[in-house]
Amino acid sequence: MKKTFFLLILFVSVVWLRNDVLAQAGSATQPADPAATCKAHQKTAILAYCDTLVAFQKSVTDGTTKTVADARPFLNKLDLTKPNAAFNFITVAANQYLLTGVLNLAQSKVTANTAMADAGQARIDQQFSAPTTANGTTSLVSKPGSADLLSLALDAGVLTRSVNGTATTISTNADQVFRLITGNDPDCTVTCKSLGGFENRVLNPLNVSAIVDVSQTGTQAVPTTGQASGTTPTPVSSATIPSGAGKLTGIVAKYRLLNQYDPRTDAFKDHWKTAVTNEARASTATTLGNRTVDVLNILQDNATPLDDATKQKMLADAQSDPTGEKLIQDFSNYFSEASQKVMQDPTLKDKVGLVMQSRALYRQAWLDALAEAAGTLLTFEYDYNRPVNQPFTHDFKLVYSYDFKAMGMVTFNGAYSIYDGAIPAGAKYGRTHYGQISAQYDRTVSGQNKNLQTQISLAGYWQYQPEASILNIAAGTVAPGTNIPLPNGTQEFVGTAGSLWVTQAKFTIRGAGGINVPIGVSWSNKTDLLQGSKVGAQVGISYNFSSLAGLFTGLSQ
Amino acid sequence: MSEDTADIVGTIESNFTVKIDSATIVSAFLMVKGQPDLPLAILGNKREVTVPDLPAGDSTVRLDLFWAPGDPDATIDVGTVNSGAAQAIPPKQTIDRGQSPGFALLFGK
């Protein structure tokens with residue numbers, strides 16, 4: 001597992017470095033390319049307007065644009081008093097406020113992220129707690145969704161295990177981690193630099209979680225150096241010592257499999273139109289438009305328009321320098337001068353901040369629309385479990401949900417679990433650990449569309465295990481009633497083979513800002529190590545953090 | 001703004017549609033300086049809005065958009081002219097992929 005993790009990190013690093021090296025190589029071998037010329041600039045204002053500047057230069061170079069009138073579509077996107085220049089201006093202004101540490105914008109970003117968390121509260125397809133088999137969990141059935149950005153959950157109580165514990169689960173989206181590690185537009189909202197298919201098909205649908213059992217200490221086997229007391233010599237070659245508080249007991253990877261994800265098909269286009277014209281989503285676009293117009297009004301009142309002389313100079317410079325450098329300099333000079341008075345407007349910071357908040361919500365609405373249009377059919381989940389004193393296991397799970405909207409959501413799980421590593425010689429068990437099927441019904445019972453919501457969940461779980469559970473006997477353990485040490489690697493069957501039934505009723509309070517408090521009661525006919533029925537209780541708290549990058553840039557809560 | 005920089009020029013009080021060939025319009029408004037924004041009717045294909053009465057001088061159509069994966073830049077054009085005259089001035093203006101809102105500059109004369 002560690003090896004796989006390091007390989008993944010290596011792969012990410014290679015992709016990152018390759019992009020960097022290729023970009024540099026490209027700029028060195030193709031200096032006449034206006035796109036390379038533009039992207040070589042460090043000024044945010046130039047980078048934000050690169051697409052327009054490059055298109056302008058190319059159009060002049062290929063002879064399509066010969067006059068100022070021909071250049072109108074480009075000039076209208078560069079003139080700060082024109083509406084189509086406002087979008088990029090807001091991006092530039094937001095970046096400048098961030099770089100200069102303007103508090104108001106930081107607060108706006110926090111507001112944006114909190115608003116995203118609030119918007120996500122209406123979703124009942126997300127799971128923040130550890131999976132069913134953890135020593136501390138409130139989830140009997142896995143849900144198809146997980147944290148959009150980052151979540152932290154603390155759960156106490158067990159469902160299928162005998163040993164009660166408290167687990168902390170940290171979940172995040174792979175795309176967020178990738179953007180943070182590579183520095184590729186890590187705090188983006190709607191204008192994320194897309195990595196194309198790799199991002200859309202690999203990173204975005206992938207969520208990863210780490211489960212740490214905080215009631216267990218990490219242990220380490222160390223060699224002993226001799227008997228310290230006792231009258232009879234007892235050969236003990238190694239002993240287990242604690243190595244730290246909290247133990248990583250599991251890693252979960254969830255990949256959302258989307259149905260009909262082909263934007264070229266008519267079916268997808270129809271689904272897309274239906275999804276985006278949904279009233280709530282449409283209103284995010286309208287709000288974004290209203291707030292953009294608020295900034296546009298400041299621009300039109302304060303910015304200097306592109307005058308005829310500047311337009312002529314830009315055109316002439318584009319004609320004389322096909323690299324685009326002169327055109328870029330002309331625009332840079334214009335932007336610096338034209339934006340000076342605008343940036344002094346005392347209301348601009350807050351209005352730009354509000355646009356950024358709207359862009360965050362708009363992006364979330366876009367992602368939700370995409371999921372709805374494509375149809376979330378299945379989620380594949382992989383769990384790597386590292387239970388204490390038991391063999392490690394790999395669980396492969398398919399999660400299917402059907403949303404009846406106001407009538408709630410039904411989720412089905414089917415899972416197969418196998419033992420990790422080599423099966424010991426002479427083992428009386430096979431590779432199979434267990435198979436299970438389960439189902440859950442969730443419904444928001446009060447507070448729909450409000451900050452405080454309540455949700456009820458009813459779940460049933462059946463697991464079939466061909467052999468009893470296996471317990472690893474720790475090195476140095478002495479056989480009861482004797483002083484005979486058991487050989488290293490000894491395993492014993494505990495509990496019984498066969499069916500394990502669990503039912504659970506759960507009530508979840510979903511508060512403002514992304515806080516969830518699930519409280520559940522369960523009944524099971526047995527647990528993994530003990531015979532006899534058990535009634536248990538589970539309680540947890542989870543928090544949907546704001547942007548992952550924000551945690552490291554000091555802009556988060 | 002002026003006729004020189006307008007994307008669409010038409011006769012005062014003309015009735016026509018403004019259309020785009022990419023993205024989905026979810027709301028649209030006619031903006032005239034000093035007047036409240038006028039919501040515009042979106043036609044069935046979600047890529048066309050009706051300007052019922054072109055004002056004199058400068059005005060702007062604001063289009064709130066959602067871009068589907070793979071949508072290219074949208075070109076602004078005049079669809080159906082129901083009364084009066086209106087035409088998109090070449091070269092036609094585009095809205096960059098991913099941007100919302102997008103704007104079309106109108107001029108009535």
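**Entry 1: a proline in chain B**

In which loop of chain B is P101(B) found? I looked it up and found P101(B) in the loop between β9 and β10 (102-108) of chain B. Helices here are DSSP runs of H or I with at least four residues, strands are runs of E with at least two, and both are numbered from the N terminus. The model is a predicted one, in which local features need pLDDT of at least 70, side-chain atom pairs count only at pLDDT 80 or more, and totals for chains, interfaces and linings use all residues. Residues are numbered from 1 along each chain as its sequence is written, while chains are lettered from A and ligands numbered from 1 in the order in which they are written.

I checked the peptide bond from S100(B) to P101(B), and it is cis, with omega near 5°. I then noted a cis bond from P90(B) to P91(B), with omega near -10°. P91(B) lies in the loop between β8 (86-88) and β9 (94-95) of chain B.

**Entry 2: chain B as a whole**

I looked up the secondary structure of chain B and found zero helices and ten strands. Of its 109 residues, 51% count as buried. A residue is buried if 20 or more other C-beta atoms lie within 10 Å of its own, exposed if 12 or fewer, and partly exposed in between, with C-beta atoms placed from the backbone.

I also looked at contacts, where two residues are in contact if their C-beta atoms, placed from the backbone, lie within 7 Å. Among the contacts in chain B with a separation of 6 or more, 75% join residues 24 or more positions apart.

**Entry 3: positive phi**

I looked up E13(B), which is not a glycine and has a positive phi near 70°. E13(B) sits in the loop between β1 (8-10) and β2 (15-20) of chain B. It counts as partly exposed because it has 13 C-beta neighbours inside 10 Å.

In chain A I found N389(A), also not a glycine, with a positive phi of about 60°. N389(A) is in the loop between β5 (376-385) and β6 (393-403) of chain A. It has 15 C-beta neighbours inside 10 Å, so N389(A) counts as partly exposed.

**Entry 4: N413(A)**

I placed N413(A) in strand β7 (residues 409-419) of chain A. Is N413(A) buried or exposed? N413(A) counts as buried because 25 C-beta neighbours lie inside 10 Å. Leaving aside neighbours within four places in sequence, I listed its contacts, among them V141(A), K397(A) and I437(A).

**Entry 5: where the chains touch**

I noted that the contact takes 28 residues from chain A and 24 residues from chain B. On the side of chain A that touches chain B, the largest share comes from α11(A), with seven residues. By class, that side has 14 nonpolar, eight polar and six charged residues. Ala, Val, Leu, Ile, Met, Phe, Trp, Tyr, Cys and Pro count as nonpolar, Asp, Glu, Lys and Arg as charged, and the others, Gly among them, as polar.

**Entry 6: two helices of chain A**

I looked at α4(A) and α13(A), where L53(A), F56(A) and Q57(A) in α4(A) meet L327(A), I328(A) and F331(A) in α13(A). The residues of this contact divide into five nonpolar, one polar and no charged.
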